[in-house]
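Welcome, and please open your viewer. Let's take a short walk through the model, one selection at a time.

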Amino acid sequence: MIRVAICQKKKDMREYIKAALEMMEEEFQMVEFSNLDDLKENMDSQWTSFDMVVLGTSVQKKCDGLSFAAKLRSKNKSAGIVFVTESKAYYAEAFRVFALGYLLYPFDVKELQNCVYFFNHKPYAERRSTWMIKEKGANWCRIYCRNIVYIESHNRDIVIHLEDGTQKHSRIKLNDAENRLAAYNFLRCHQSYIVNLHFVDEMLNNSFHVQSREIPISRKYQKQVKEAYYNYMFSKM
């Protein structure tokens, strides 16, 4: 079941979105909101309340929807965001939060359905992929790959930094970690670092900006890192 929040000021737009989703074979749990205050109140305590959010660029005031989407993306990297709007003005801004789509109302229902299909099927393998590691001085444990933000080598160990702020220490070579995770959008950017591209906020000249931390990009990896990063970005558009 896909949990969907539909936040649109106009009732006819909410009904149009609901009808488009109800035509699909997927099972949805849809909740309607006519303003962002109610949606924010619903999500403040749990930013994973919904798998997808369909909202306008301006629900109450100029750019309000875009501001909310940016906050949602900072709290929940895996949420599917789709904009349904009557304005072409904010197309570029929408994709800065990795929106699945920017649909002009009234849209062809297949456009919204394609966004759902992309969200529900393409990332599925990534969402369920796991990695079994043996923690240093402890037992084996299973880590969901989607929860790994970055990995760094420290002395002869690796430190795995997870989305919730916790760390896992294991006596694994960074080369082995790189080979194990290469298929899941992880990228070696330095002799001592591997990053999950899903969590990269920005690529600078010599570093990645990841959750308020700068991860260095060494000269050795710079060319291949730049190419891989932009390929990843375009694949999400």
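Which residue in the turn between strand 14 and strand 15 has a positive phi? Select Q211: its phi is about 50°, and the hairpin there has two residues between the strands.

Before moving on, note that this is a predicted model, where local features need pLDDT of at least 70, side-chain atom pairs count only at pLDDT 80 or more, and totals for chains, interfaces and linings use all residues. Residues are numbered from 1 along each chain as its sequence is written, and side-chain values use heavy atoms, with hydrogens and water left out.

**Stop 1: the strands.** Helices (H or I, at least four residues) and strands (E, at least two) are DSSP runs, numbered from the N terminus. Two strands pair if DSSP finds at least two bridges between them. Show residues 213–216, which are strand 15: this strand pairs with strand 14 in the antiparallel sense over four bridges. Here H209 stands opposite E214.

**Stop 2: a salt bridge.** A salt bridge puts a side-chain nitrogen of Lys or Arg within 4 Å of a carboxyl oxygen of Asp or Glu. The whole structure has seven. Select R14 and E32, whose N and O atoms are 3.0 Å apart. This pair links helix 1 to strand 2, 18 residues apart. R14 counts as buried at 12% relative accessibility, while E32 is partly exposed at 31% (buried is under 20% relative accessible area, exposed over 50%, partly exposed in between, with a 1.4 Å probe and protein chains only).
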